[in-house]
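This report examines selected parts of one structure, section by section. Please keep the sequence and the model in view while reading.

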Amino acid sequence: MAVPSLFSRRFFRKPFTLFFYSSFSTTAATSSPPPIHVALTESVGRAVFATRPIGSGDLIHTATPAVCHPSSTRAACYSCLAALPHSQPHTVTFCSQLCRQRSKGYFDVEMKANWVAFDDYCRTHGLKYPLLVKRLACMVISGDASSDTLDILQPANLIPETVLEMEEEFVLLRNAFTKALIADEHIAFLTKQWYINVLARIRINAFRIELAGGLYEDLLASAVASVEAEAAVGNAVYILPSFYNHDCDPNAHIIWINNADAKLKALRDIDEGEELRICYIDASLDHDARRELLLRGFGFQCNCSRCLHGD
Ligand SMILES: [Zn+2]
Ligand SMILES: [Zn+2]
C-alpha cells in the first residue's frame, strides 16, 4: 500500500471524515478486542481512535514486533530482546527454550551464511537498521514472514545519496545469501528495490527499545555504565503502533517492560472517538528542538496544540 506523502499519514488534521475502517491483530493480552480502530481520514492521514472511554494508566493493547533485532552493545535475547545481564554483547543467546524454538526458522537461515562483511560494514558505518532488514530477509527465506510484511507502513522520503549508500549494503546482504548457496527461488524477492523499500519503512517506523523493567542486576549495571553505552536493547518495527500519530503532548505512550512486546498505555482519560497519539521524540525538548527533530527525522512539521502555542 503506497502512501503518497510523508506528511499525510504522520500528521492528522481535523475536521476529518472516516471512510476506511480496519482492525489489526494484536497480542491476546485480553480476550476482548482492543478499544481502538484505525481510520484513514480524508486528509489521507491514518490515525488510531478510541472506540470507548479509556482510563488514565489503562493498557490499551500490546503488540509484538513484525521484526526486531538486538543492539550490538547490549546483551539481549536474540528473539524477544529480553535483557540478559550475564551474557556478552555480540553473542547469540536466547532467554528461553521458547524463544530458541520460535526463532529456529530464520536463525537456521542466518547461520548458513557468513555475515562478517555485512556486519562489519554496519558497525563501521554505525548502521543498525540494515540488521532489521537482514533479519526480515532471513524470516522471508524461512517462511516466517512474507516479503511484503512492512508494505502497509509509510516509507521515508529518501534522497538520492541515501539510496546510493543503501546499494552497498544491499550487495553485501545479497552476496551473503548467494555465497551460502541459498537457492535462487528463495531469494528472488531480494532485489535492490525490495531492500530500499523495506529500509525506507524501517527508517521512520522503527522503535528504539529501552526496557522499563528488567532484572535488578541489569538496572544496577546500567546505572554504573558509562553514558556512551547504548541503553537500548535493540530496535523493532510494529504494524499497529506505527499507525499512531505524533503529538508533543500525547495522550498515550508506548513502553516495554521485559522484552520487545510493546505496551500502549493511556497517559490520561480518553474519550470515546478521541484520537490516540504518542510522542515520537523526547517531549521534554523545547519547541525549536522538537521542530528540528520531527522535520529531520520524520519529515513533518508538527501542528499540535503545544507547538501552535509555541510551547
Ligand atoms: Zn527471549
Ligand atoms: Zn507538536
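## Two leucines in loops

L81 counts as buried because it has 28 C-beta neighbours inside 10 Å. A residue is buried if 20 or more other C-beta atoms lie within 10 Å of its own, exposed if 12 or fewer, and partly exposed in between, with C-beta atoms placed from the backbone. L81 is found in the loop between strand 5 and helix 2, and its phi is positive, about 70 degrees, although the residue is not a glycine. Helices (H or I, at least four residues) and strands (E, at least two) are DSSP runs, numbered from the N terminus.

This is a predicted model, in which local features need pLDDT of at least 70 and side-chain atom pairs count only at pLDDT 80 or more, while totals for chains, interfaces and linings use all residues. Residues are numbered from 1 along each chain as its sequence is written, and chains are lettered from A and ligands numbered from 1 in the order in which they are written.

Is L181 buried or exposed? L181 is exposed, with 8 other C-beta atoms within 10 Å. L181 lies in the loop between helix 5 and helix 6 and has a positive phi of about 60 degrees, although it is not a glycine.

## Helix 2 against helix 4

Helix 2 (residues 97-112) and helix 4 (residues 129-142) pack with their axes 8 Å apart, at an angle of about 110 degrees. Axes are lines fitted to C-alpha atoms, for helices over the stretch in contact, and angles run from 0 to 180 degrees between N-to-C directions. Helix 2 and helix 4 are therefore roughly perpendicular to each other; angles under 35 degrees count as roughly parallel, over 145 as roughly antiparallel, 65 to 115 as roughly perpendicular and the rest as oblique.

From helix 2, G105, Y106, D108, V109 and E110 meet R135, C138, M139, I141 and S142 in helix 4. Two residues are in contact if their C-beta atoms, placed from the backbone, lie within 7 Å.

An open sheet of 3 strands has the order 5-7-6, with antiparallel pairing. Strand 5 (67-70) and strand 6 (206-209) stand at the edges, each with a single partner strand, so one side of each has no neighbour in the sheet. Two strands pair if DSSP finds at least two bridges between them. Strand 6 is joined to strand 7 (residues 234-237) by 4 bridges, and A206 stands opposite V237 in strand 7.

Helix 4 lies across strand 5, strand 6 and strand 7, and runs at about 125 degrees to strand 5.

## Helix 6 and its cover

Helix 6 (residues 192-205) has 14 residues. Among its buried residues are Y195, V198, L199 and I202. The cover over the buried residues of helix 6 includes helix 4, helix 5 (160-179), strand 6, strand 7 and helix 8 (287-298).

## The loop at S147

S147 lies in the loop between helix 4 and helix 5. S147 counts as partly exposed because it has 18 C-beta neighbours inside 10 Å. Leaving aside its neighbours within four places in sequence, S147 is in contact with V140, F189 and W194. The C-alpha atoms of S147 and L136 are separated by 8.0 Å, and these residues are 11 apart along the chain.

## A hairpin

Strand 9 (residues 252-256) and strand 10 (residues 262-266) run antiparallel and are joined by 5 bridges. The two strands form a hairpin with 5 residues between them, and A252 stands opposite A266 in strand 10.

Notes
The expected span of a helix is 1.5 Å times one less than its number of residues.
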